[in-house]
Amino acid sequence: MLIDIVTIFPAMIENALRTGIVGRAIERGTLDVAARDLREFTTDRHRVVDDVPYGGGPGMVLKPEPLFRAIDAIARERESRPYVVLTSPQGTLLTHEVGERLSRRPHLLVLCGRYEGIDERVRSRVDEEISIGDYVLSGGELAALVIVDVAARFIPGVVGDEQSVAAESFSRGLLDFPQYTRPAEIDGETADERLTVPDVLLSGNHAEIRRWRKRESLVRTLERRPDLLNDASLDDEEQEILRELVARQPR
Ligand code: ADE
């Protein structure tokens, strides 16, 4: 998968993509991500990318021509027709499903917006606007990084253990069960308090462990995000556990 990110802060994108799972995928060539400086697509001496809004008001607006030039130049250079995404608080809310859908595009071109705005005419060349949440960021760079991270995880070979993507929160619509690692016991906040690991996880009984994890996932989802249960795909055992949990809830 190829992702070009057009931004006025290429260093912000490059630095963030050097580390972690995505960084490793880029090093291995499983994923190709390039930060493209919007100023490279200006034609004036001062490399101006924004201007005051028509009609007045505060802030600056990203000019259309550098963005159009960027889209055209990148399409030409890559010999492809990229799927053009604009980061914007007015876009489709990014979810697990949206990330999966974007990951199936061979070439994404992400335009990082600025919070003051972007010339409306640019939207004529945008295939989809994506928001990462109901808040306003000062620029689209953090949103672009989130989009890359979410989409990249769906590409085979990016996440080492393929099973972990399939099992993790949201692929089945449930929150994750609690995880523990060694040691089995540590000091708590007070002298007499010990922080332990649930016995079942130390038991070696894999059937019991699987059932406990299903139950914990359901307990958490019911407590924290009951809305997710409407669309969750539950197996027979999970449905049984959920019925039992709901029956026990105080009314
Ligand atoms: N730009 C500013 N706020 C944003 C948001 N919430 N999502 C995506 N892009 C943005």
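Two strands pair if DSSP finds at least two bridges between them. Strands (E, at least two residues) and helices (H or I, at least four residues) are DSSP runs, numbered from the N terminus. This is a predicted model, in which local features need pLDDT of at least 70, side-chain atom pairs count only at pLDDT 80 or more, and totals for chains, interfaces and linings use all residues. Residues are numbered from 1 along each chain as its sequence is written, and side-chain values use heavy atoms, without hydrogens and water.

Start with the sheet. Five strands form an open sheet with parallel pairing, in the order β2-β1-β6-β5-β7. Strands β5 and β7 share 5 bridges in the parallel sense. Here valine 85 stands opposite glutamate 128 of β7.

Now turn to the ligand. The residues around it (a heavy atom within 4 Å) include Thr87, Ser88, Pro89, Ile130 and Ser131. By class, the shell has 7 nonpolar residues, 4 polar and no charged. In this scheme Ala, Val, Leu, Ile, Met, Phe, Trp, Tyr, Cys and Pro are nonpolar, Asp, Glu, Lys and Arg are charged, and the others, Gly among them, are polar.

Which element gives the largest share of the shell? Strand β5 does, with 3 residues.

Polar contacts are pairs of N or O atoms within 3.5 Å; within protein, one must be able to donate a hydrogen and the other to accept it, and residues adjacent in sequence count only if both atoms are side-chain atoms. A backbone N or O atom of tyrosine 135 lies 2.8 Å from a ligand nitrogen. For glycine 133, the backbone distance to a ligand nitrogen is 3.0 Å.
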